[in-house]
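Please look through the structure shown below and follow the description from one part to the next.

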Amino acid sequence: MMEIMDRFYKPFCRGSITSLLAFVAFCMLSAGAASADEPTDSVLKGGSIRLAIADYPSNIRRLGPGLSGNTLMRQITDSQLPLVYVDTSGEVTPLLAERWTITPERICFTINPAARWSDGWPVSASDLVFTVNFILSGDAATPVLQTTLSEHVARAYVENGNFCASGVRDSDEALFRVTAGIQPLAEHVFLKHKGWPDAYDWYPEPTTGAYHISQINHGREITFSRTKDWWAADLPFFRERFNIDRIEYTIEDDPLAAFASGEIDLVIFSDSEESLHQFKHISSTRKIGIISIEGASKIYSLFLLNSNRTSLSERPQRQLIASILERVFGNASPEGLPAELLSVENMPEYLSLSYTDSATDADLKQLTTYAENTGIHIALDYFDLKDFSQRLSLGQFDLAMLSFDRALSDAAFLSLFSSKSGAVYIANPGAPAHLILPAQNNGQAATKLREFMAERKLLVEAEQYSNANTAFWEWLHNPSASLPDVTQAHLSLFDIADGGRWWIRKKDRADILAQPARKHNKGPNYTRIRRQSDAETNTTTHKKSDS
């Protein structure tokens, strides 16, 4: 899933991954905490865990331009708490703020006096005011955030030690959502922001959450450590969570081999049949568990058809490809294509599709099969985020697939076509310049651009559910794994709302490494969870293990 924008606010609903490009469709953050380092109901604190990453981050900032290559953006963002968390039912949990008051003209938050940055400094209302002003002034170089924030916040200020924000309009219901979700910057670190953003590319900023970056081995490893005496550890919302002391992310030439040997503790792998077969085979011979969640999250996809390519320069050519995409990814009937589409002149025989989200591999294979049956060969070209962004900016693609965890806001959609957005830039999308220039009314401008590109078959928008697979050595334990409504967030090490539930039994690690083989004919420890919709969940479990 693409993390191509300033992931500064935490706009996620329970059970979903985030993307700031979805900022306007905003849900707030959560928290709750485990206490002390003693076992509670069999949950143990301590230990370290290693995970593999495919690409080393291009920086460790969570704000500003050039974040598209940051493969650890989710973890970095989840290490910062917002003022409050609001769950899907509307229940509010205080985090950095312990209380708040709302009037038609403004909102004020009282900061929890216990709140601390990981470097020991107290979190203050001044941190929040600095953060808002840094964005609104344009100094942060985050135009989408600047636009979104300026639509609701007229002024931010400190009053009687509280963080206050007045609205652009009276009784603006969105003012609470926007301000409550802010994950502040530490003013004492960023106040002068000299050399921003480049000077901060590798500066591990202080955090308010459970973890902070404690070690950087450039090009090889990045380590997060649990903050000693973390101020929020005793909040009920975090009870029995964020138990592991040290989380190491490392580049591995052969992640599968490293995992099979026990060098890597946990792997999140793609939904391809080949990958699932490989991991199930390992699980049948070693003490490794697998959890597969079908329909774990919804993916919103944008397919771009490059009209500057000869094979897609004519509308009938693009109409054919768009119809195939709609049948595989959209709501169109999967039945055969109309004869008039298949009889177009200069029908493209070979196209490449550039993408960067491995979670869509299974769907893309369906696309290639469907296209092959119509006489069109579509080659799948996977790129890391940095290379993918570069190809988009240079127009070096036939088809391109951009994936997000929620539908894009109008401002975020328009930012894709702006070279000043600081995010992914799609050059020359085939639309006239007046449709993609900055506009006063983002909603109207986005609608016009969408309609133009869709009518000319330059853009296909679709949504589908992705599956998530997690493989882990059985010295790792997660009490949420057995819940019928388990989500991928429960299996996350960092997710503020539901994650941080893994813990390590050190004796199990020693015993398993001494004898990693599973008993003969025991079969894999495999759990499959089928999530049919957001409101309905069915669980089918297939488990065979030594225990």
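In this predicted model, Cys108 and Cys164 form a disulfide, with their sulfur atoms 2.1 Å apart. A disulfide is a covalent bond between the sulfur atoms of two cysteines. A pair of cysteine sulfur atoms counts as a disulfide if they lie within 2.5 Å, and by this rule the count comes to one. The disulfide is right-handed, because the torsion about the S-S bond of Cys108 and Cys164 is about 110 degrees. Cys108 lies in strand β5 and Cys164 in strand β7, so the pair ties together parts that are 56 residues apart in sequence. Are these two cysteines buried or exposed? Both Cys108 and Cys164 are buried.

Strands β5 and β7 belong to an open sheet of four strands, in the order β4-β5-β7-β6, with antiparallel pairing. At the edges are β4 (97-102) and β6 (153-159), each of which pairs on one side only. On average, neighbouring strands of this sheet are turned by 20 degrees against each other, direction ignored. Strand β4 runs antiparallel to β5 (residues 106-111), and five bridges join the two. Ala97, for example, has Ile111 in β5 as its bridge partner. Helix α2 (residues 125-136) packs on the sheet, where it touches β5, β6 and β7 (162-167). The direction of α2 makes about 155 degrees with that of β6.

Helix α7 (residues 273-285) has 13 residues, which should span 18 Å at 1.5 Å a residue; its end C-alpha atoms are 19 Å apart, which agrees. Which residues of α7 are buried? They are Ser275, Phe279, Ile282 and Ser283. These residues cover an arc of only 100 degrees around the axis, which puts them on the same side of α7. An α-helix has 3.6 residues a turn, so residues three or four places apart point the same way. The face of α7 turned away from its buried side carries the exposed residues Glu273, Glu274 and His277.

Helix α8 (residues 315-329) has 15 residues. From its first C-alpha to its last, α8 reaches 20 Å, close to the 21 Å expected at 1.5 Å a residue. Of the 15 residues of α8, 12 are buried, so this helix is largely enclosed by the rest of the structure. Among the buried residues of α8 are Leu320, Ile321, Ile324, Leu325, Val328 and Phe329, and also Gln317, Arg318 and Arg327.

Note on methods
Residues are numbered from 1 along each chain as its sequence is written. This is a predicted model: local features need pLDDT of at least 70, side-chain atom pairs count only at pLDDT 80 or more; totals for chains, interfaces and linings use all residues. Side-chain values use heavy atoms; hydrogens and water are left out. Two strands pair if DSSP finds at least two bridges between them. Axes are lines fitted to C-alpha atoms, for helices over the stretch in contact, and angles run from 0 to 180 degrees between N-to-C directions. Contact means heavy atoms within 4.5 Å. Buried means under 20% relative accessible area, exposed over 50%, partly exposed in between (1.4 Å probe, protein chains only). The expected span of a helix is 1.5 Å times one less than its number of residues. The arc is that of the directions from the helix axis to the C-beta atoms.
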